[in-house]
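Let's take a friendly walk through this structure, looking at charged pairs and at helices. Have the sequence and the picture at hand as you read.

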Amino acid sequence: ETAVNVGIACRLIDTKMTRYVIGDDETNVFKCLQRVYTDVRRQTQQATNGEFRYCIVIHGAALASILGHSEVTMGSSEPDVDEGAAFSAASLFMSIATSAASVIASRLAPGQKGMIGR
């Protein structure tokens, strides 16, 4: 919550943006990433002005899980994703994060901060 408030105060996040939180309370971070990815694609396609602005808020434990996750094949139950497409959690996160207006990372270890920057 503090990281989000700092993001708003610094104008990295505005109140009109869709905010996706990838928290440390997620039981399956990869499924959360799949939901976010699917929603971002859908929202982007439906945007009337061609622009969909969103931000990602990620917690350190979720990032550790993403970086330690192996490649997973996505099934046909995921809309807008080719059946059998293989993604690592890290590549899925990077796909989401690079098109976000901002990424707020909280509770990170120093090494994780360096990985986000790279």
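We begin with a charged pair: aspartate 14 and arginine 53 form a salt bridge, and their closest N and O atoms are 3.7 Å apart. Aspartate 14 sits in the loop between α1 and β1, while arginine 53 sits in the loop between α2 and β2, so this pair ties together parts that are 39 residues apart in sequence. Keep in mind that you are looking at a predicted model.

How many salt bridges does a search of the whole structure find? There are two. In the other pair, arginine 42 joins aspartate 39, with the closest N and O atoms 2.2 Å apart. Both arginine 42 and aspartate 39 belong to helix α2, where they are three residues apart, about one turn of the helix. An α-helix has 3.6 residues a turn, so residues three or four places apart point the same way.

Arginine 42 is partly exposed, with a relative accessible area of 34%. Aspartate 39, in contrast, has a relative accessible area of 16%; the cut-off for buried is under 20%, so aspartate 39 is buried.

## Where two helices meet

Helix α2 (residues 29-46) also meets helix α4 (residues 89-98): their axes come within 10 Å and cross at roughly 30 degrees. The crossing of α2 and α4 is left-handed. From α2, the contact involves Phe30, Leu33, Gln34, Val36 and Tyr37, and from α4 it involves Ala89, Leu92, Phe93, Ser95 and Ile96. Of the residues in this contact, eight are nonpolar, two are polar and none is charged.

## The two sides of helix α1

Which residues of helix α1 (residues 2-9) are buried? They are Ala3, Val4 and Gly7. Looking down the axis of α1, you would see its buried residues fall within an arc of 100 degrees, so they line one face of the helix. The elements covering these buried residues include β1 (18-22), β2 (54-59) and β5 (102-106).

Turned away from the buried side of α1 is a face that carries the exposed residues Thr2 and Ala9. After α1 comes arginine 11, which has a positive phi, near 65 degrees.

How values were computed. Residues are numbered from 1 along each chain as its sequence is written. This is a predicted model: local features need pLDDT of at least 70, side-chain atom pairs count only at pLDDT 80 or more; totals for chains, interfaces and linings use all residues. Side-chain values use heavy atoms; hydrogens and water are left out. Axes are lines fitted to C-alpha atoms, for helices over the stretch in contact, and angles run from 0 to 180 degrees between N-to-C directions. Helices (H or I, at least four residues) and strands (E, at least two) are DSSP runs, numbered from the N terminus. A crossing is left-handed if the near helix is turned anticlockwise from the far one by less than a right angle, and right-handed if clockwise. Contact means heavy atoms within 4.5 Å. Ala, Val, Leu, Ile, Met, Phe, Trp, Tyr, Cys and Pro count as nonpolar, Asp, Glu, Lys and Arg as charged, and the others, Gly among them, as polar. Buried means under 20% relative accessible area, exposed over 50%, partly exposed in between (1.4 Å probe, protein chains only). The arc is that of the directions from the helix axis to the C-beta atoms. A salt bridge is a side-chain nitrogen of Lys or Arg within 4 Å of a carboxyl oxygen of Asp or Glu.
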